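Morning, everyone. Please bring the model up on your screens, and I will walk you through a few local features.

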Amino acid sequence: MFNNEKCIYPGCLESRLTGQEFCFTHLPDRNILNNKIKQLLKEENKILDLIISGISLENIEITDKRFFSCKFSGSTFKNVKFINCYFRQCFFDYSFFENCIIEGTNIKFTCFAGSKMKNCKFIASDILHTNFNGFECSDVSFSETDLYFSSFISTNMQNTVFDDCNLKKDSFFYSERRNVSFRNSNPEEAFFNKWDRFETQ
């Protein structure tokens, strides 16, 4: 698991970033870190115990990378593509995603709780036992994706489509859904509040 040493800034309780003495908030030069991370993503195929909470990544494609126990909490991803990647026990909680694509990617035991997504696509991916609780999304599509035993409790979804997805044992309790479709999927095998109605067309 990742190192949880604290930032050296007086009174700060946040974790240090990997290879740094500070958290992202108190880091003296964020541009240097962003460049180092982009270089790391180019050079390394297997990435373990990385802490880069708060970082901002834009306009890059991340392909064929394997991430284990990495912490991206509170980060921003814009125009980022994750293609054929692999995530195990990673943290994207309270992050922001815009115009991103996650395709052919395997995600398990990972946390997106409290995150926000806008105009993003999940395509032909396996996203299993993953936490989307408190998740907010608009104009997001999940297509040909296995979401087995994932949790969407207290989510807020608008203009979202689950097309040809496996929703078996997914939890949608207390979720707010406006213009959400479960076409070609199996919402009858997921868990909803007993008063809920869902659109399958």
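Buried here means under 20% relative accessible area, exposed means over 50%, and partly exposed is in between, with a 1.4 Å probe and protein chains only.

A word on the source. This is a predicted model, where local features need pLDDT of at least 70 and side-chain atom pairs count only at pLDDT 80 or more, while totals for chains, interfaces and linings use all residues. Residues are numbered from 1 along each chain as its sequence is written, and side-chain values use heavy atoms, with hydrogens and water left out.

Now the aromatics. The structure holds 29 aromatic pairs. Rings of Phe, Tyr and Trp (its six-membered ring) pair if their centres lie within 6.5 Å; planes under 30 degrees apart are stacked, over 60 edge-to-face, and the rest tilted. Phe132 and Phe152 make a stacked pair, with 4.7 Å centre to centre and 0° between the planes. This pair links distant parts of the chain, 20 residues apart. Phe132 is in the loop between β11 (126–128) and β12 (136–138), and Phe152 is in the loop between β13 (141–143) and β14 (156–163). Strands are DSSP runs (E, at least two residues), as helices are (H or I, at least four), numbered from the N terminus.

Next pair. The ring centres of Phe162 and Phe172 are 6.0 Å apart and the planes are at 85°, so this pair is edge-to-face. Phe162 is in strand β14, while Phe172 is in the loop between β14 and β15 (176–181), ten residues apart. Phe162 and Phe172 are both buried.

On to charges over rings. The test is NZ of Lys or CZ of Arg within 6 Å of the ring centre and within 35 degrees of the ring normal. Lys46 puts its charged end over the ring of Phe68, 5.5 Å from the centre. Arg66 lies over the face of Tyr86, at 4.2 Å from the ring centre.

Then the strands. Two strands pair if DSSP finds at least two bridges between them. β12 and β14 pair in the parallel sense over three bridges, and Cys137 has Met157 in β14 as its bridge partner. β13 and β14 also run parallel, joined by three bridges. There, Ser141 is partnered with Val161 in β14. Between β14 and β15 there are five bridges, again parallel. Asn156 is bridged to Glu176 in β15.

Cys137 is buried, with a relative accessible area of 3%. For Cys85, the closest cysteine sulfur is in Cys90, at 11 Å, also too far for a bond. Cys85 is buried, at 3% relative accessible area.

Last, some backbone. Ala124 is not a glycine, yet its phi is positive, near 45°. Ala124 sits in the loop between β10 (121–123) and β11, and is partly exposed at 37% relative accessible area. Ser154 also has a positive phi, about 60°, without being a glycine. Ser154 is in the loop between β13 and β14, partly exposed at 43%.

That is my tour. Over to you.

Notes
A disulfide is a pair of cysteine sulfur atoms within 2.5 Å.
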